[in-house]
Each structure stands twice: as C-alpha cells, then as structure tokens.
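Biologist: I am new to this structure. Please show me how to read it.

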Amino acid sequence: MHTSSTLVLVLAVFGASLVEMVEALTLVVAAGVSRGWRSALEGAAAAVLVLGVLVLAVGVPLIHYMPIDALRVVVGALLLVLGLNWLRKAILRSSGHKAMHDEDAIYAETVAELSEDSDAGSEHTSKGRDPVGFAVAFKGVFLEGTEVVLIVISLGAAQNRLGLAALAAVAAVVVVGIVGIIVSRQLSEVPENTIKTAVGIMLSSFGVFWVGEGAGIHWPGSDLAIPVLVGFWLVVYFSYTALLRTLLPAPAKPVIEEASTP
Amino acid sequence: MTAAIARAARWLGRFLWDFIIGDTPEVALATGAIVAIAFLLAGSEWLGAILLPLLAAGFLLASTLRGRKRAPSRSARS
C-alpha cells in the first residue's frame, strides 16, 4: 500500500470521525446541561462501547472470510454512496442552496426539547440517573458513530488496515472528548462544513477506486490513482459549486433540509 | 424473545434503508449503475480509469440539481 493512499485513509477516517463526534458532542452536552451529566456521560460511554464491539464483530470476520475482490466492490459501493451524498450536500451548502450545518442552532433546539420534557414531569431516579438524558446521549453518539463505524470497516477492510483506521477514529473521539470536557459546550467553531467537503472528496475517491479495483479495472499507477482521484473530485466540487452559484443562483433564503442519510 | 428479535431486525432494516437510500435514492441507483459498468469494463486500464470517475461525477451533478429543487422541510440538523 502506497504512503499517499495510507495518508488519505487516515485523513478520511479522522475527518469523518471528527465531524460526526462534534455533532454527537452537541447532543451529549445538551443532554448533560438539561438532564444531568452523569446520565449523559454514561449514555455516551455505552454507545462508544457498542460501536467498538460492532467494529470487531463485523470488521474482523469481513477481512478474514470475504473474498477480497467482492469485499472491495461492496465497500467501494458503500463509500461511493456516502461520499457522493456528503459531496452533494457540500455543493448545495457552498452554493447557498442549503443552510450551513449549525451546531449552536441544533444545541438550542435540543436543550429546549429536553427542558420542556423535564418540566412536563419526566422523573429522575433516586440515584440521580435520568433515562431520557441517557437515551438522548446514547442515541446521539450511536447514530453519529454508526457512520464512522461503516467508514472504518469499509476503508480498513478494503486496504487490510482495520487497526490503523480504528486508531484514526479513536484519535478523533479522544480529541473531541478532551476538548468537549475542557470547554463543556458544543464545538461550533470547528469548520464542520469544510471538513465534511474534504471527507466527501476522499470517500468518493476511495469509492470509485475500490469499485473499479474489485471489478477488475487496472488503475494506471495502481494506488497512486487515489491521490489523482482526490484531485479530480476537488475540481468537480469547485466546478459544480461555481456552476450552481453563477448559472443557477439560490433563492434569498437557503433551503433548510432535514436529512436522514449521511 | 422472538418479538424482540423481530423488532430489532425491523429497526435495523429501517435504519439501513434511511442510511443508504434515504432521501437520495438516485445516489444509490447511480452507485449500482457504476458497479455494473465497472464489471463491463473489467480488464481495461485507461478506459475504465477515465470513464468510471466521469460517470460518478455526472450522476453527482444530476443528484445535486435534483437536490436544488427540493422543497424545504423541518429542521436545520443534518
């Protein structure tokens, strides 16, 4: 495996984990502030544990028992779906057709919802445990983390670097966790939209590469094709954003859209 | 026990559907098409290496233009 593709792998996993964990942190902090820190932190820790077990339970058998070419086509397709969706959103956001992701707005919305629920008489247990706070924190970390798990398993399994991919994800979780503990609030200063664009570009590059490689296409330069594909998607991103900005300008107020997909 | 497993399976199915298909089924379809074309180009070098990224970029443009026309909905989360 070439150094440049290993670097792209680490950056893709670290970036994806960083933005997803920043989003999860917003929900954990909202749950902690409105329902109590103990339950929120326990919920977050339980979700991280379940996600770790998922990586081991799904990733290790995939590497050992699935034929490598079939594995590469499947993970390539998965990475392509994730990457194209992330890029699509990035282009719509940069061109003003979709509202930028806003952690402050999400935090305020979640705190308001949880406080209303608390006022309505949702009870805490005698030991200070709050099932709602636990559930919100667990769900936030688990749902945001599932995408990270898929990316770790896909990139790690396709390149036989599951350990390295998991390490990059853990590093991002630790960084966000430490910063979150220090500042005790959501991290709205993290340039999430920019990082998401970069990760979308890297996932699309790996996706196209592994689909082609698994199907039997011989990439010129082998692994060196990955940085070339990164360059290609960078050009596509800037071209499409410029196209939408100039030829198809956005309405005065950007479209605010809820998304269930990555 | 069986009911719990069935509930978990339904949840997993719904989660995967939302996760992979969600509100952009065209991206999943495009990916399926790219996989099929990749197999048709198996054994090639430059042709596949040039055509595959171009196809993906074409599908991305179509999906982005479709996303531009969508009606607004509820929340600022993503």
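Modeller: Start with burial. Buried means under 20% relative accessible area, exposed means over 50%, and partly exposed lies in between, with a 1.4 Å probe and protein chains only. Helices (H or I, at least four residues) and strands (E, at least two) are DSSP runs, numbered from the N terminus. Now apply both terms: helix 7 of chain A is mostly covered, with 21 of its 24 residues buried.

Biologist: What kind of model is this, and how are things numbered?

Modeller: This is a predicted model, where local features need pLDDT of at least 70, side-chain atom pairs count only at pLDDT 80 or more, and totals for chains, interfaces and linings use all residues. Residues are numbered from 1 along each chain as its sequence is written, chains are lettered from A and ligands numbered from 1 in the order in which they are written, and side-chain values use heavy atoms, with hydrogens and water left out.

Biologist: How many helices and strands does chain A have?

Modeller: Chain A has 8 helices and 0 strands. Along the sequence the pattern reads α-α-α-α-α-α-α-α. Of the 262 residues in chain A, 53% are buried.

Biologist: And which elements make up chain B?

Modeller: Chain B has 3 helices and 0 strands. From the N terminus they run α-α-α. Buried residues make up 35% of its 78 residues.

Biologist: How do I read accessible surface?

Modeller: Accessible areas come from the Shrake-Rupley method with a 1.4 Å probe; for residues, only the protein chains shown count as cover. For chain A the surface is about 10700 Å², and carbon and sulfur atoms hold 70% of it. For chain B it is about 4600 Å², with 72% belonging to carbon and sulfur atoms.

Biologist: How do I judge the span of a helix?

Modeller: The expected span is 1.5 Å times one less than the number of residues. Take helix 7 of chain A, residues 192-215. From first C-alpha to last it reaches 34 Å, close to the expected 34 Å. A:Gly216 follows helix 7, with a positive phi near 110°.

Biologist: What does helix 3 of chain A reach?

Modeller: Helix 3 covers residues 68-94 and reaches 37 Å, close to the 39 Å expected. A:Gly96 follows helix 3, and its phi is positive, near 85°.

Biologist: How is a pair of packed helices described?

Modeller: By the angle between their axes and the distance between the axes. Axes are lines fitted to C-alpha atoms, for helices over the stretch in contact, and angles run from 0 to 180 degrees between N-to-C directions. The axes of helix 3 and helix 8 (residues 225-246) of chain A come within 9 Å and cross at roughly 40°.

Biologist: Which residues meet there?

Modeller: Contact means heavy atoms within 4.5 Å. Helix 3 brings residues including A:Leu84, A:Leu87 and A:Ile91, and helix 8 brings residues including A:Trp233, A:Tyr237 and A:Leu244.

Biologist: Is A:Phe238 buried or exposed?

Modeller: A:Phe238 lies in helix 8 of chain A. It counts as exposed because its relative accessibility is 52%. Its C-alpha is 25 Å from that of A:Glu103, 135 residues away along the chain.

Biologist: Why does A:Asp104 count as partly exposed?

Modeller: Because its relative accessibility is 35%. A:Asp104 sits in helix 4 (residues 103-119) of chain A. A:Asp104 and A:Arg88 are 16 residues apart in sequence and 23 Å apart in space, C-alpha to C-alpha.
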